[in-house]
Every structure is written in structure tokens, then in C-alpha cells.
Amino acid sequence: MNIIDLTDSYTSEILKAKDLRAYEQSYPALFSHYFKYWATRKNFSNCLLQTELIKRKNLIIDGIKQVEQRLVSFGFEMENTEVVLFVGNATSNGHAFKDKGKFIVWLPLEGYVTKTQAEIFITHEIIHAFHYANSPDFYFTNVAEKRSVIRQVITEGVATYLTMKILNVDEGTALWADFISKNDIIIWLQECKHKEQMLYKFVLKTFSSSNSKIGLFYAKDPSDIKEYRAGYYVGLMLVESVAIDRMLSVKELLNMPRKKFENIAKTWLQERFA
């Protein structure tokens, strides 16, 4: 795996010079993507100081080494996989973007605090890159497409399900790592299970929507499951069920065309109420 490390540029251009534009020049394609879809320049700040920067960088590099071994053992070809390490604006754990015809994983250091978070979320983001590379129609080229409810349900479901399988962890860990306590994860899963039908109906209703007010993939309000990452739960339930029922291999899951997957997803959601 090839690691592109922008932390020296963060140190020189943000911590010392406080020059965001100069920092962006360290990888213009990355920051163009990042500020279009994930953050705003207006609120950018030096969210990591030097000592913490070094700790987070070491944490992520160690996590990448562990994850790479697991992915290779699962049959993934990792030699040409590229990962960018940088400091962002505390808005995401990362994702993947297309640069010169290749999907690159990006990991913001401020999004990782523990070893468990590093292993879970790094695996998750790498899976996104492989999924987009194998089924490019799942990638997005505008804000509306990024927000597509069913696109997110399927892609986040695939990334979460394969993370669970590759790292051999339970669904709660695959969904949250240790971002919240084990007890809170149990309560959250129980809430999702209790309100499954409502969640499935809501996803079916908003299947083709890109409305920015839909909070299924945000962690906005713990008191409202629809505003507290329930989209990831629906995605995992959907993808796990489809993978098991159809006995899909990892390759088959990643290669399934978007239109076919969406048709299967719609049928699966409709069947929850039959």
C-alpha cells in the first residue's frame, strides 16, 4: 500500500504559516474534493497541534499495517492501493475519491482517536475505494448524487458488512468501533431493531431522494434514530441479507452493477412489509 503523507505540509502551511491555500497545493485534487463534499474552507482551523499530530499519524500508520494484512488474507490486492494522510476539519473519518482515473483513500488524522477506530474505519474507507473501482456507478460526481439515499444505503452497507467479515467483529463494532460505549451501542442497536419497520419504510419512501435534510447518515440527535446513523444499520441489514441469501462472494458483492443492486434493494425493502 502506498501512503501519501501530507502532515509535513500541514505543519508548515497551517500550524506555522496559517496559509490554507498553500496547504491545499500539497494535493489540489484531494482538497478540491474535500471542500466540495465534506467541509468548508470558511471554518477550517488547526484542529491538531504538533504533539497530537504525531500521535494520530502513528496510530493510523499502525492501523493501516494491521488492516492491510487482513485485507490481503481476504484476497485483496493491496500493492497499488493509495492512501492519503492529512488533517482536515473534523467532519469525516474519510472516504475515497477519484484522481486521474484511480480511486484514492483519504484519511483525516483528526478522525481517529483509538486503535479500534483506526482498524474499523480504515478498513471501511478502503472498502469504499474497492467498491467504486469495481462498480464505478456507485461513485458520485455532484452533491445531489453523493446524498442519494439508496446510493448511501448500499455503499455504506457494503463497507460495513465487509469490515465486519474481514476483521471478524460483531455488527455493533463494525458500525461504531468504540466511538460510543459498548452499552450505548447495545441500546442503539436495540432501538434500530425496535424501529426496523419504520426505518425500512422511510428508506423506501426516500429511496430516490437526495434531500440534504435527511439525517440517516449523520450523528445529529441521539434521541431520534433517524438522525443518528440509522442509515448505516439499514445498509448493513440489507447487504448482509442479500449476500447470505444469494451466497455472494466478496468479489461478486463488489462487482454487482448499481442498477441491479438498487432493484434488489427495493424488492428487499418492500418484502419487509409483505
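Strand β1 (residues 2-5) and strand β2 are joined by four bridges and run parallel, where strands are DSSP runs of E with at least two residues and helices are DSSP runs of H or I with at least four residues, numbered from the N terminus. Two strands are said to pair if DSSP finds at least two bridges between them. Within this pair, N2 stands opposite E82 in β2. The structure is a predicted model, in which local features need pLDDT of at least 70 and side-chain atom pairs count only at pLDDT 80 or more, while totals for chains, interfaces and linings use all residues. Residues are numbered from 1 along each chain as its sequence is written, and side-chain values use heavy atoms, with hydrogens and water left out.

On its other pairing, β2 meets strand β4 (residues 102-108) in the parallel sense over four bridges, and here L85 stands opposite L107 in β4. Strands β3 and β4, by contrast, run antiparallel and are joined by five bridges, with K98 opposite F103 in β4. In general, the strands of a sheet pair through backbone hydrogen bonds, either parallel or antiparallel. Taken together, the four strands form an open sheet of mixed pairing in the order β1-β2-β4-β3.

Helix α4 (residues 50-73) touches β1, β2 and β4, and its direction makes about 165° with that of β2, while α5 touches β3 and β4, its direction making about 165° with that of β4. Four of the five residues of β2 (residues 82-86) are buried, so this strand is largely enclosed by the rest of the structure; buried means under 20% relative accessible area, exposed means over 50%, and partly exposed lies in between (1.4 Å probe, protein chains only). Helix α3 also contributes buried residues, namely L30, F31, H33, Y34, F35 and Y37, and what covers them includes α2 (20-24), β2, β3, β4 and α6 (143-147).

A118 is found in helix α5 (residues 115-134) and is buried, with a relative accessible area of 1%. When neighbours within four places in sequence are left aside, A118 is in contact (heavy atoms within 4.5 Å) with L59, G63, Y112 and T123. A118 and V67 are 51 residues apart in sequence, whereas their C-alpha atoms are 8.9 Å apart in space. H124, which also lies in helix α5, is buried with a relative accessible area of 6%, and beyond its neighbours within four places in sequence, H124 is in contact with E156, A159, T160 and T163. N46, located in the loop between α3 (28-37) and α4, is partly exposed, with a relative accessible area of 33%. Apart from its neighbours within four places in sequence, N46 is in contact with Y10, I14 and L15, and its C-alpha atom is 8.0 Å from that of N89, a residue 43 positions away in sequence.

A packing of helix against helix was also examined. Helix α7 (residues 149-167) and helix α13 (residues 258-271) pack at an angle of about 95°, with their axes 11 Å apart. That makes α7 roughly perpendicular to α13, where angles under 35 degrees count as roughly parallel, over 145 as roughly antiparallel, 65 to 115 as roughly perpendicular and the rest as oblique. In this contact I150, R151, I154 and V158 of α7 meet R258, F261, E262 and A265 of α13.

For the protein chain as a whole, the secondary structure comes to 13 helices and four strands. Its radius of gyration is 18 Å, close to the 19 Å that the globule rule gives for 274 residues, so the chain is as compact as a globular protein of that length; the radius is taken over C-alpha atoms, and the rule is 2.2 Å times the number of residues to the power 0.38. The C-alpha trace spans about 60 × 40 × 35 Å along its principal axes, and buried residues make up 53% of the 274 residues.

Note on methods:
Axes are lines fitted to C-alpha atoms, for helices over the stretch in contact, and angles run from 0 to 180 degrees between N-to-C directions.
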